[in-house]
Amino acid sequence: MKKKSKPETPAVQPAPALFGEAVPAPAPAVKGGLLAFSYSKMSLYEECPLKYKFKYIDKIKEEPKFYFAFGSAIHAALEFLYSVKAPPFPTVEELCEAFRLEWNSKSYLEKGYRTPQKSEDDYQKGLLMLRAYYEHNRARFAPPFLVEYSTDVEVDGLLVRIIADKIEHQGGGRLLVTDYKTGKDVKRQPSQLYMYQKIVELDPRLREKIAETYGERVASVRVSQMLYYHVPTNKEYHFERADDREIGGFWERVLGVADSIKGLKFDPTPGEMQCKWCDYKALCPHFYGGHPRPLQTLPAAQEHIEILVDRYGRLKEKMDEIQAQLAEVTEQIGRAAKDGGEYAGNSYTARVSKAHKWAFPDREAVIGVLNQFDLYQRAMSLTLSGISGVLDSADLSEEARRKLLEQAVKKTAVEIKVERKPGT
Ligand code: SF4
C-alpha cells in the first residue's frame, strides 16, 4: 500500500481539445486539496477515462437511466422499512406506499423511460419484488445499526465517499455491511465491498455512533462480514472479511486510478459494451457518424452543440410533460376548491381564485349574430373581451343577447398562487 503522502494538486496544463483550438484541461474535483473519489467514479474511469472526464470534470449530464431510477426507488423503500428504531416494522402495504411515493416523485421521462407504460410495468415489478422481499425476510426483521449511511473519509490524498445500504452491529465493534443489488443476477467481484471495509474501518464517526446507539465503547470497528443482497431473487452472496493482502491489492488499484485522474490521463478506451450505453458518443472522437471525428475543424463555439441539441430536446419533452401535469392538477384543484380561497398543504399554501369567462368557438356564427344586430362596430374587434363587452352592455336587446349566448361556452379559469411555507 502506498504511504500517505501530501495531497497533490494537479498542474492544469493545456490539452488538445476534441474540436477547435486547444483549451486548458479542467482540473478534477478537488476538495481542500483532496481528490473526491468513490467506487463508482473508479469504475467509470476504468470503463473509459474519457467518459469519466465528460461526466465528472466537464460535468456534462448523462441522460436519465430507468434502471438507476428503479434501483433508487427500491433502495428508498428499503430505507423506509429499516429506518425504525424499534419494532413494529412498517407493514408491507406501508412499504409499497413508500415505493409508490418515491416512484411518483418523478415523471416517466425524468426516470428515463420512453413511455408511461414501460414505467408502469416496472412499477408493478417493483411492488411484486418488495412484497416478495418482505415475505422472505419478515421473520428476521431487526432494526439495523445504520441505513443508507453516507460518509466521506480522508485517506492517501483522497476524500473517499461511501454510501452503505445497511450496517448491522454484531457487538464489540464488529459490523456486517449489506449492499442491495437490483439489476441482473450476475457474478459479482467483492471489490466494491473491499471499498466499504477499508473506509468503514477508517471512519472515526462509527465508534461514536456505536457508543450513542448501544452505549458500548469500542477501541476500533472491524467489518466481519459483507453481503450482496440481490433483491429481485432474494439471493444472498456472503463474503468473509477481506484479508490485508486483498485490501492492499485493491488499494493499489484505487491509488493507480487516482494518480491517472490527477495526471489528467483521459484517453478513450472504446469497447463494445461501454460505448453501446455511452451518452457521450456525439462528443467522442470514436463516434462521429460511425467515423473518427475530424479534429480541428469545428469552431470552438460549436463544441457541444450535439449534446446541447439532445439536452434541449429532452428538456422540452420534460417541460411538455410537466405542463400537462400542471394543467391536470390545476383542474383538480379548481374542482376541489369550489369557490376558491386559501388552502394549505404540508409545504405550500395556495390562494385559489376563479373567474368565469366566455369562449366563442364558432367565429363565423358570432360574426353573423353581430352583423344581424348591427353590433359589429361595438365589439371593436373580435377578441374575447370585445364580444364579452357587448354581452355585458346594459342596452343589448334580449334577442341579441340570447343569440350571442347560443354561440358562447362558459369556461372557468382557475388561478393559483403558491408560496412555500417558511421552514419547509
Ligand atoms: S463512446 Fe466509448 S470511447 Fe467514447 S467516451 Fe464513450 S465509452 Fe469512451
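Trainee: In which loop of this predicted model is Lys338 found?
Mentor: Lys338 has a positive phi of about 45°, although the residue is not a glycine. With a relative accessible area of 62%, Lys338 is exposed. Its place is the loop between helix H11 (305–336) and strand S10 (341–344).

Trainee: Is Asn234 buried or exposed?
Mentor: Asn234 is not a glycine, yet has a positive phi of about 55°. The residue lies in the loop between S8 and S9. The cut-off for burial is a relative accessible area under 20%. Because the relative accessible area of Asn234 is 14%, the residue counts as buried.

Trainee: What is the omega of the cis peptide bond that joins Pro87 and Pro88?
Mentor: Pro88 belongs to the loop between helix H3 (66–82) and helix H4 (92–104). The bond joining Pro87 and Pro88 is cis, with an omega of about 10°.

Trainee: How many aromatic pairs does the structure hold, and what is the geometry of the pair formed by Phe145 and Tyr214?
Mentor: The structure holds 24 aromatic pairs. In the pair of Phe145 and Tyr214, the ring centres are 5.7 Å apart. The angle between the planes is 50°, and the pair is classed as tilted.

Trainee: How many residues apart in sequence are the parts that Phe145 and Tyr214 tie together?
Mentor: Phe145 is buried at a relative accessible area of 8%, whereas Tyr214 is partly exposed at 37%. Phe145 lies in the loop between helix H6 (116–137) and strand S5 (146–155), and Tyr214 lies in helix H8 (residues 205–214). The pair therefore ties together parts whose separation in sequence is 69 residues.

Trainee: Which strands hold Tyr228 and Phe239?
Mentor: Tyr228 and Phe239 form an edge-to-face pair, 5.7 Å centre to centre with 80° between the planes. Both Tyr228 and Phe239 are buried. The pair ties together parts 11 residues apart in sequence, because Tyr228 lies in strand S8 (residues 222–230) and Phe239 in strand S9 (residues 235–240).

Trainee: How many disulfides does a search of the whole structure find?
Mentor: Cys96 is buried, at 6% relative accessibility. Cys278 is also buried, at 14%. A disulfide would require a pair of cysteine sulfur atoms within 2.5 Å. Across the whole structure, the number of disulfides found is zero.

Trainee: What average pLDDT does the protein have?
Mentor: Of the residues, 86% score at least 70. The average pLDDT of the protein is 85.

Technical notes. Residues are numbered from 1 along each chain as its sequence is written. This is a predicted model: local features need pLDDT of at least 70, side-chain atom pairs count only at pLDDT 80 or more; totals for chains, interfaces and linings use all residues. Side-chain values use heavy atoms; hydrogens and water are left out. Rings of Phe, Tyr and Trp (its six-membered ring) pair if their centres lie within 6.5 Å; planes under 30 degrees apart count as stacked, over 60 as edge-to-face and the rest as tilted. Helices (H or I, at least four residues) and strands (E, at least two) are DSSP runs, numbered from the N terminus. Buried means under 20% relative accessible area, exposed over 50%, partly exposed in between (1.4 Å probe, protein chains only). pLDDT is the predictor's confidence in each residue, from 0 to 100.
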